[in-house]
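I am opening a notebook on this structure. The entries below record what I looked up, topic by topic.

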2 protein chains.
Amino acid sequence: MDTPIRVAVLGAGGLGRAAARLIGQKRELRLVAICDSKGLIASPDGLDCARVASGTGELVASYRTANAQALVGATSSSREHHESSDRGEVVACEDSLGAMVERAGEFDAVLVTLPNMPNAFIPGTVERFVRANSGLVFVDVLKRTSAVERLLGMHELVRESEGVVLTGCGATPGLLTAAAVLAAQSFVEVERVDIWWGVGIANWEAYKATIREDIAHLPGFSVERAKAMSDAEVNAFLDKTHGVLELHEMEHADDILLERVGVVQSREQVTVGGVMDTRHARKPVSTTMTLTGITFEGKRASHRFILGDETTMAANVLGPALGYLKRAMWLKAHGIFGVFGSTEFMPMVVR
Amino acid sequence: MDTPIRVAVLGAGGLGRAAARLIGQKRELRLVAICDSKGLIASPDGLDCARVASGTGELVASYRTANAQALVGATSSSREHHESSDRGEVVACEDSLGAMVERAGEFDAVLVTLPNMPNAFIPGTVERFVRANSGLVFVDVLKRTSAVERLLGMHELVRESEGVVLTGCGATPGLLTAAAVLAAQSFVEVERVDIWWGVGIANWEAYKATIREDIAHLPGFSVERAKAMSDAEVNAFLDKTHGVLELHEMEHADDILLERVGVVQSREQVTVGGVMDTRHARKPVSTTMTLTGITFEGKRASHRFILGDETTMAANVLGPALGYLKRAMWLKAHGIFGVFGSTEFMPMVVR
């Protein structure tokens, strides 16, 4: 690939900003747009990834502060406020997603880094892009089975628009699910796939949506309820367990993605759980995928894929997501269109 | 896939016969031909895999003995002896490979299970098939860098013939190398990939060529020298180390296959070694792929992929090889032709 892939990122929380930082380190990628719910920043020549990554709070406000001296023009309407500078365009608006859809001709691929949205949100977003533009390339780091299932149901719509959507391309589902597909190769029957993750975050406020997504998996919670909690409520909740959340039987799309390619016969054979420490960067447990099966000689054994404890959630989610993004571009170049799961293609390495 | 993939196996030693047994357990595959250097057996309706797998020694002789009552006809020429029965055709001949090439229209894919051949042998075999037939699908479990490199150099020839060759699709390279591609996703720089394997074989005579291939990697040995050793010489050699071989810095194609996709910048970053116990089924060490890299946040860590000790070399070589064979069929169906390495595509699961 000679010219960089022009990437737009949807979401500018902890994960979205980490994505900007990682993209800034890849010569095959160029960050041309990023948005949160209040606005977007965009530049066809590429945004300053380090500047985007280092901001905190609302995207437009933080970028505008950093960029104040560089402004060369500004226009306002009732719904949008535009500013231009040599560092790109800054748009504050009510419908930032709509503004991104309008700009879709300016980028090659969309990476979605929104970890805590209702199940219909990302499928709805894909539909908006597909209806407005043909040839969309879209990669998500969705976790929930019901959201991934909804997206997989959009295969024909995406295929007809000559687009490619790869879903469930983070760490789990994503990296660990793909490792399960590899591990399955040694067996004629897979009995179980057990994913047990550890995440350590020194300061939970850097990953507010991710933490809320995990709280949403606890008994008695839902995505909507976790999303509605104030920061003070989340703090008070975390205080009860000294900042540690232990999650079992999570609704994770590893099950549907492994069932889909035949690694397991039933989703019940896949379990996902883990331990999140929201007050220490050190992982409370080592993230491990264990696949247990029977070989053609009738022997039972378990293969394991274990992530290094020093790797962060951001590295294990975003690295694979970008690897799949390059694979999605490859699929499009080969005329292979539609919605596919992270278990269907080996990610390519982004140089 | 509705109709089974018709598979021909080249090689009927320990690995080839284990392949027959494994293929017999897969409803998506049908074994239609298998050969050794002295002859072949073939049946368009599918061979009796258990019968092929249970034989020992020369293929044709062992199959003929098992099949004696079923013969319905026989013809001989100076170079070939044919027998037919309701269990297929048995051909004893000098050029069994040539006889397989002549029959290439009868199968969809070729799996090569010849672990100890000179570097030019398998590339030469591919060339014979390609020149005689278009649309070949060919999967090997080659180990040596120089053999894989030669095969990769045949990309244009294979592409023009609308064939697909996937090379290095066993355990290492193959399963473990693909795991390294996955593991690499979490890092912006990979420092090292270290593969350390353990193999336990209760009776080395069941895997004569595999053991000779390992001996060939020892200082002072070569493929030719190991191939020329008599069984008594191999026995005497193994006696010196109580049947245990420890190998370091092996010439394994994991290096070129990982360099090719950009996981490493230089082949020197990849090491392969291991311990083979030729007298006990129990593995002397757990087979482990360790990838060490630096994340986008500057953290050094190692991901590991560890195979269950109860899995055999045959399960870890042949399972992946058949998964890649199905992937190769998929590539051909999508019009993607040429020679590719096992690091380029996620294997598919053979149901």
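Helices here are DSSP runs of H or I with at least four residues, strands are runs of E with at least two, and both are numbered from the N terminus.

The model is predicted: local features need pLDDT of at least 70, side-chain atom pairs count only at pLDDT 80 or more, and totals for chains, interfaces and linings use all residues. Residues are numbered from 1 along each chain as its sequence is written, chains are lettered from A and ligands numbered from 1 in the order in which they are written, and side-chain values use heavy atoms, with hydrogens and water left out.

Next I checked the length of α13 of chain B, residues 313–333.

I read an open sheet of ten strands with mixed pairing, in the order β11(A)-β12(A)-β10(A)-β13(A)-β14(A)-β14(B)-β13(B)-β10(B)-β12(B)-β11(B); two strands pair if DSSP finds at least two bridges between them. At the edges are β11 (244–247) of chain A and β11 (244–247) of chain B, each pairing on one side only. From one strand to the next the twist averages 10 degrees.

Which way do β10 and β13 of chain B run? They are antiparallel, and seven bridges join β10 (residues 189–200) to β13 (residues 288–294). B:Glu189 has B:Ile294 in β13(B) as its bridge partner.

Last came a helix pair. In chain B, α5 (residues 121–132) and α6 (residues 145–152) pack at about 25 degrees with axes 8 Å apart; axes are lines fitted to C-alpha atoms, for helices over the stretch in contact, and angles run from 0 to 180 degrees between N-to-C directions. That makes α5(B) roughly parallel to α6(B) (under 35 degrees). I listed the contact (heavy atoms within 4.5 Å): B:Ile122, B:Pro123 and B:Val126 of α5(B) meet B:Ala147, B:Arg150 and B:Leu151 of α6(B).

Key. The expected span of a helix is 1.5 Å times one less than its number of residues. Angles under 35 degrees count as roughly parallel, over 145 as roughly antiparallel, 65 to 115 as roughly perpendicular and the rest as oblique.
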